[in-house]
Amino acid sequence: MTPRSERLQPAADQARQKAEDALAKFAAQQQALAKAEHQLGELERYRREYADAGAGAVSVGALLNRQQFVARIDQAIAQQVAEVSRQHRRLEQMRDHWKKAHARESALGSVIAQHQEYERRAEDRREQAEIDERMQHRRPR
């Protein structure tokens, strides 16, 4: 009969794979968040530069065009702020998913280690019993 620790190994392997997959998704989400934050920073920098450059606008039409353009940039910034917030939420979800998968992997690893220790002790007891029995039969009478 196959030892219990060996029968549990496929479940542990699957849990390890799920934890690795969750970690990869978590890392990808960190990159997506960093990209969204970078884009937000670029939009904010562009808005500051454009607003500063427009201080010398001469005509009313040019001033209105500049204000409309700045309003569109502000709208894009607001959308990007919402995207960064969404990416933060997804990152937290991915972190939670990874933590759960990692905890399951660790728990299965502990259970397998306990079974291996139990099996090792049982084998030691069996070997000791065999030795004791051999020694008993070898004794001179």
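Predicted model: local features only at pLDDT ≥ 70, side-chain atom pairs only at ≥ 80, totals over all residues.
Let me begin with a definition: a residue is called buried when its relative accessible area is under 20%, exposed when that area is over 50%, and partly exposed in between, using a 1.4 Å probe and protein chains only. By that scale, Leu23 is partly exposed, because its relative accessible area is 42%.

Residues are numbered from 1 along each chain as its sequence is written, and side-chain values use heavy atoms, with hydrogens and water left out.

I turn now to the helices. Helices here are DSSP runs (H or I, at least four residues), while strands are runs of E with at least two, and both are numbered from the N terminus. Leu23 sits in helix H1, which covers residues 4-53. Helix H2 covers residues 60-138. How far apart are the end C-alpha atoms of H2? They are 115 Å apart, which agrees with the 117 Å that its 79 residues should span at 1.5 Å a residue. The expected span is 1.5 Å times one less than the number of residues in the helix.

Leu23 and Glu133 are 110 residues apart along the chain, and their C-alpha atoms are separated by 53 Å. Gln114, a residue of H2, lies 44 residues from Val70 in sequence and 65 Å from Val70 in space, C-alpha to C-alpha. Gln114 counts as exposed because its relative accessibility is 56%.

Next, the packing between the helices. The buried residues of H2 pack against H1. Among these buried residues of H2 are Val70, Gln87, Ala101, Leu108 and His115. A nonpolar core is a set of buried Ala, Val, Leu, Ile, Met, Phe, Trp, Tyr and Cys residues joined through side-chain atoms within 4.5 Å. Which residues form the largest nonpolar core? There are 9: Phe26, Leu33, Ala36, Leu40, Ile73, Ile77, Val84, Leu91 and Met94. H1 and H2 are the elements that give two or more residues to this core, and H2 gives the most, with 5 residues.

Contact, in what follows, means heavy atoms within 4.5 Å. Leaving aside neighbours within four places in sequence, Phe26 is in contact with Leu91, Met94 and Arg95. Gln80, which lies in H2, counts as buried because its relative accessibility is 12%. With residues up to four places away in sequence not counted, Gln80 touches Ala36, Gln39, Leu40 and Leu43.

My last topic is charge. Side chains of opposite charge can pair when their charged atoms come close. A salt bridge is a side-chain nitrogen of Lys or Arg within 4 Å of a carboxyl oxygen of Asp or Glu. By this rule the model has 12 salt bridges, and I shall describe three of them.

In the pair of Arg86 and Glu83, the closest N and O atoms are 3.0 Å apart. Both residues lie in H2, 3 residues apart, about one turn of the helix. Arg86 is partly exposed at 36%, and Glu83 is partly exposed at 23%.

Arg121 forms a salt bridge with Glu117, with 3.2 Å between the closest N and O atoms. These two residues of H2 are 4 residues apart, again about one turn of the helix. Arg121 has a relative accessible area of 46%, so Arg121 is partly exposed; Glu117, at 29%, is partly exposed.

Glu123 is partly exposed at 31%, and Arg126 is partly exposed at 39%.
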